[in-house]
Amino acid sequence: MTSPIKSEPFVINIGPQHPSTHGVFRMKVTVDGEQVVDAEMVIGYLHRSMEKLAEERTYTQNIPFTDRTDYLSSMSNNLGYCLAVEKLAGIDVPERGQAIRVIMAELQRIASHFMALGAFTNDTGAWQTPVMWCLREREKVLDLFEMTSGARLTCNYMRIGGVAFDIPKDFEPATRKLIKTLPGFIDELEGLLSGNEIFLARTKNVAVIPPDLAVNASLAGPMLRGSGIAWDLRKADPYCGYEKYDFAIPIGYQGDSYDRFIVRVEELRQSVKIIEQALDGLPGGPHSTQVPLALRPPKGEAYARVEGPRGELGYYVVSDEGPSPYRFHIRPPSLINLSVLKEMTVGGSVADAIVALGSVDIVVGEIDR
Amino acid sequence: MTREWSGEELAAAAERLVPGSVARITSNACYLKPETLVQTFTALRDDAETDFKYLANLCGSDYWDRFEVVYHIHSFDKNQIGLFKCETAERDEPVLPSVVPVWHGAWIQENETYDMFGIRFEGHPNLVRMLLWDGFPGWPLRKDWLSMPGGLQPGLNEFTGVARRQEPPVRRYEE
């Protein structure tokens, strides 16, 4: 780029306290004029060393920790950890427990995607209105969580061997009422934004990730599917009986910010579809198997993963037959999705860097753990 | 369902592509030799049968007598997953080769492993303390970190109801 005006590189710190960074996350951007020439992330402000803490607590005591990693999708985190311990200890979950888990995980995906879409539109300049609409709908999902588990954000609802308690009798009618209204709202939201010229100008061809890079950089979730790779663990490696439900994997073609937005919108519709099927076929019976509180899984290691709202959420647990895990590792999708931060932002403008970061949908509690 | 390869299958594939690359195997994992690690992973990624193109998870583990780095690797097209490991017995200055030349996404996870275990990855573009600050004393996820005066070690020995540090003997992981 040649310009008659001379400019020199200049470092700007975006964050740690900045609305576009969605938490205490710092992006150190080197700019030359308006153009970004280098971007680096500075993280660790929220580091609590959960992996170390987990080595001193029993398997059941670790479940609340998993809520607090990705606080926008606590149910998915609970599920991933419980699946890992169940795989390690060879515990089966009754069918009703599995169906309840699926319903909760999909409701969580809806809540999390609403937050992601709202915050993303905020970053692109659709100031406050869409995010408030999304938060209004998300509140309704959180009300269902409160009804079931007593908590809105950190639900702590799943247990090893099932779920903590059965769903209350008001839950099913309330959920049916919600999923009846949700498709209309999703259409309205998409209609407002996907045809908006300013929104398209801000997101189309911004932060493009080619499919080769997406695979090579271990991206997951909507980041991967936005680049055109149809990979969804719910289809590829079904857990909790996902193979029984009929749903599609939405993918994008350009790999830009807009595609990631549209993939998330479409996933909302698919989640509604899954919840409907799961409620229709909700089996009776126990919601959980009896698991000893003093659980000592046999020696070995297990890696279980679920398709969380942000991508492959993996838990790697090693047992030495002790009461606490010998090693406890979380594969954090939002951290690993940031490995292409430089590729997404360099060459664009500062405003595009904000959009690129928004389209990743980061949760800093999960990045730092 | 994703097919999980057994250690023997993984070792056979690795030996076929790069002879002499396997150090030892267990029932579910294949330990690779550090000297030929990058070469082996490149071959496993590009081979049509293994097709391990996606590095799902990379993390470290401390077993007192050795450090392990764990690689969970996927293939999308074949829908299969393999568990590879690489180990070093060195405790003061553990060094293992970096797999960033094979998978770009490894840099962020290797950085975290360095931050928590102090394992230096040879060939990593920019190895820094990522979650902790420069000059942080020690490597927190090592088992001997925070050993208290009197030799108290982290971890539970019995179900006490309350998590607390226990007296030695130290829990050791034995196969």
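Predicted model: local features only at pLDDT ≥ 70, side-chain atom pairs only at ≥ 80, totals over all residues.
Chain A contains 15 helices and eight strands.

The overall dimensions come first. Along the principal axes, the C-alpha atoms of chain A fill a box of roughly 75 × 45 × 35 Å. A compact globule of 369 residues would have a radius of gyration near 21 Å, and the value for chain A, 21 Å, agrees with this. Of the 369 residues in chain A, 62% are buried, where buried means a relative accessible area under 20%. The accessible surface of the chain comes to about 13100 Å², and carbon and sulfur atoms account for 55% of that area. The contacts may also be sorted by separation in sequence: among those in chain A between residues at least 6 apart, 71% join residues at least 24 apart.

Helix H5 of chain A, residues 129–149, may be considered next. Which residues of H5(A) are buried? They are Pro130(A), Val131(A), Cys134(A), Glu137(A), Arg138(A), Val141(A), Leu142(A), Leu144(A), Phe145(A), Thr148(A) and Ser149(A). Viewed down the axis of H5(A), these buried residues fall within an arc of 155°, so they line one face of the helix. Their packing partners are three elements of chain A: helix H3 (74–89), helix H4 (95–124) and helix H6 (171–194). Just after H5(A), Gly150(A) adopts a positive phi of about 95°.

Helix H4 of chain A, one of the packing partners of the buried residues of H5(A), holds the residue Glu106(A). Is Glu106(A) buried or exposed? Its relative accessible area is 0%, so Glu106(A) is buried. Leaving aside residues up to four places away in sequence, Glu106(A) touches Arg234(A), Tyr242(A), Ser271(A), Ile274(A) and Ile275(A).

In helix H1 of chain B, residues 7–17, the buried residues are Gly7(B), Leu10(B), Ala11(B), Ala13(B) and Ala14(B). Because they cover an arc of only 165° around the axis, they lie on the same side of H1(B). The elements of chain B against which these buried residues pack include both strands and a helix: strand S2 (22–25), strand S3 (30–32), helix H2 (37–46) and strand S6 (80–88).

Methods. Residues numbered from 1 in each chain as written. Chains lettered and ligands numbered in written order. Heavy atoms only, no water. Buried < 20%, exposed > 50% of the residue type's maximum accessible area, 1.4 Å probe, protein only. Helix = DSSP H or I, 4+ residues; strand = E, 2+ residues; numbered from the N terminus. Arc of directions from axis to C-beta. Contact = heavy atoms within 4.5 Å. Rg over C-alpha atoms; globule rule 2.2 N^0.38 Å. Areas by Shrake-Rupley, 256 points an atom, 1.4 Å probe, with all protein chains shown as cover.
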